[in-house]
Amino acid sequence: MQALIQEVSPVVAAGHMKPTPERLQHHEIVERNGVHRVVNTVHSMYEAGDIGDDEVSAADRWYREYLFATIGIVEEKPSDGRFREKGDVHTWMIGRGKCSVRIAEIRERLGLCGHVRLEMMLAREMSFSAMARHLYPGLSEGRARMKVSAQCALLLEQLSHAYESMKNKN
């Protein structure tokens, strides 16, 4: 009975959270050093060597800024070493506005098609296969998936350079 409880319970003895059985059915999850992570498209491209650390960082930044700009949610970045200044509603809204401006500038630089792919890949966490079905319904799944994967890798490289040039501009 104890083994059954531990298998179903999302909490392990060490106090870490495990994915629920429902989440395990909907996502590919890997465990590394006792930490469970959802395998997403960015992780897949990184593991395949298609993108590097700069692209992963740019994807993470875009995702956090997109969430903050669109719905006002701040996802904490563990151990990022940055001090977040506390403020009031005015500083909060100024921060959201600045994120919105950066997202709009990136949309302008990468184009609407690039922005849509970023949203699909990062905000909606769609797989390459799901993106391929939407973007290339007339192609075979394998060929469409390869196209989407290559486009996403290129897009993340462009995103990384866009953030770098925005930083150098200021």
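Let's start with a cysteine: Cys-113 is exposed, with a relative accessible area of 56%. Here, exposed means over 50% relative accessible area, buried means under 20%, and partly exposed is in between, using a 1.4 Å probe and protein chains only. You might look for a disulfide next, and a disulfide is a covalent bond between the sulfur atoms of two cysteines. The search of the whole structure finds zero of them, where a disulfide is taken as a pair of cysteine sulfur atoms within 2.5 Å.

A quick word on what you're looking at. This is a predicted model, so local features need pLDDT of at least 70 and side-chain atom pairs count only at pLDDT 80 or more, while totals for chains, interfaces and linings use all residues. Residues are numbered from 1 along each chain as its sequence is written, and side-chain values use heavy atoms, with hydrogens and water left out.

Now for the overall layout. The chain has seven helices and two strands, and from the N terminus on they run α-α-β-β-α-α-α-α-α. Both kinds of element are DSSP runs, numbered from the N terminus: helices are H or I with at least four residues, strands are E with at least two. Of the chain's 170 residues, 29% count as buried. The chain exposes about 11,700 Å², and carbon and sulfur atoms supply 53% of that; accessible areas come from the Shrake-Rupley method with a 1.4 Å probe, and for residues only the protein chains shown count as cover.

What sits inside? The largest nonpolar core has 32 residues, and those that touch the most other members are Met-45, Trp-62, Ile-106, Leu-118, Met-121, Leu-156 and Leu-159. Such a core is a set of buried Ala, Val, Leu, Ile, Met, Phe, Trp, Tyr and Cys residues joined through side-chain atoms within 4.5 Å. Helices α3 (41-48), α4, α5 (89-123), α6 (128-135) and α7 (141-169) each supply at least two residues, and the largest share, nine residues, comes from α7. Take Met-45 as an example: leaving aside neighbours within four places in sequence, Met-45 is in contact (heavy atoms within 4.5 Å) with several residues, among them Met-121, Phe-128, Cys-152 and Leu-156.

Trp-62 has another story to tell. A pair of aromatic rings is described by the distance of the centres and the angle of the planes. The whole structure has one aromatic pair: Trp-62 and Tyr-66 are stacked, 4.7 Å centre to centre with 15° between the planes. To pair, rings of Phe, Tyr and Trp (its six-membered ring) need centres within 6.5 Å; planes under 30 degrees apart are stacked, over 60 edge-to-face and the rest tilted. Both residues lie in helix α4 (residues 53-71), four residues apart, about one turn of the helix. Trp-62 is buried at 0% relative accessible area, and Tyr-66 is buried too, at 15%.

Two last stops. Gly-95, in helix α5, is partly exposed at 21% relative accessibility. Gly-95 is 30 residues from Glu-65 in sequence, with 9.6 Å between their C-alphas. Then there's Glu-125, in the loop between α5 and α6 and partly exposed at 45%. Most residues other than glycine have a negative phi, but phi of Glu-125 is near 50°, a positive value.
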